[in-house]
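Visitor: I am new to this structure. Please take one part of it and walk me through it closely.

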Amino acid sequence: MKLVSAIIKPFKLDDVREAIAGIGIEGMTVTEVKGFGRQKGHTELYRGAEYQVDFLPKVKLEIATKDENLDHLLEAITNAAHTGKIGDGKIFVTDLEQVIRIRTGETDNEAL
């Protein structure tokens, strides 16, 4: 089992949700986050004053999946979140040691 964490642009969330639903992935957790990488923020004007926005709004997705679904999931996220511009995001994949569905007590793949 794997845990896929993806940081994407907020306006791409619906596209990614539709793409992963299309491959049979049934759930994900979404968190609004802020961060910066190569984009390094930008300058904005507020009431005539210029100020630096260092942290840009992003969306973090967390999706637990079976090992055999991983490649399809990564491809779906990559294709749906891609704009070709700086700041498209990153995907991190980590191993999941154990999953437990609290309601039923099911574990591991059955809990996904």
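Guide: What follows is a close look at one helix, with its setting first. The model is predicted. The protein has two helices and six strands. Along the sequence they come in the pattern β-α-β-β-β-β-α-β. Of the 112 residues, 26% are buried.

Now to helix H2. It covers residues 70-81, twelve in total. From its first C-alpha to its last, H2 reaches 16 Å. That is close to the 16 Å expected at 1.5 Å a residue.

Next, its two sides. Leu-70, Leu-73, Ala-76, Ile-77, Ala-80 and Ala-81 of H2 are buried. Seen down the axis of H2, these buried residues fall within an arc of 130°, so they line one face of the helix. An α-helix has 3.6 residues a turn, so residues three or four places apart point the same way. On the other side of H2 sit Asp-71, His-72 and Asn-79, which are exposed.

What lies over the buried residues?

Lys-9 counts as buried because its relative accessibility is 12%, and the cut-off for buried is under 20%. Leaving out residues up to four places away in sequence, Lys-9 touches Lys-58, Thr-83, Lys-85, Ile-86, Gly-87 and Asp-88.

Terms used
Residues are numbered from 1 along each chain as its sequence is written. This is a predicted model: local features need pLDDT of at least 70, side-chain atom pairs count only at pLDDT 80 or more; totals for chains, interfaces and linings use all residues. Side-chain values use heavy atoms; hydrogens and water are left out. Helices (H or I, at least four residues) and strands (E, at least two) are DSSP runs, numbered from the N terminus. The expected span of a helix is 1.5 Å times one less than its number of residues. Buried means under 20% relative accessible area, exposed over 50%, partly exposed in between (1.4 Å probe, protein chains only). The arc is that of the directions from the helix axis to the C-beta atoms. Contact means heavy atoms within 4.5 Å.
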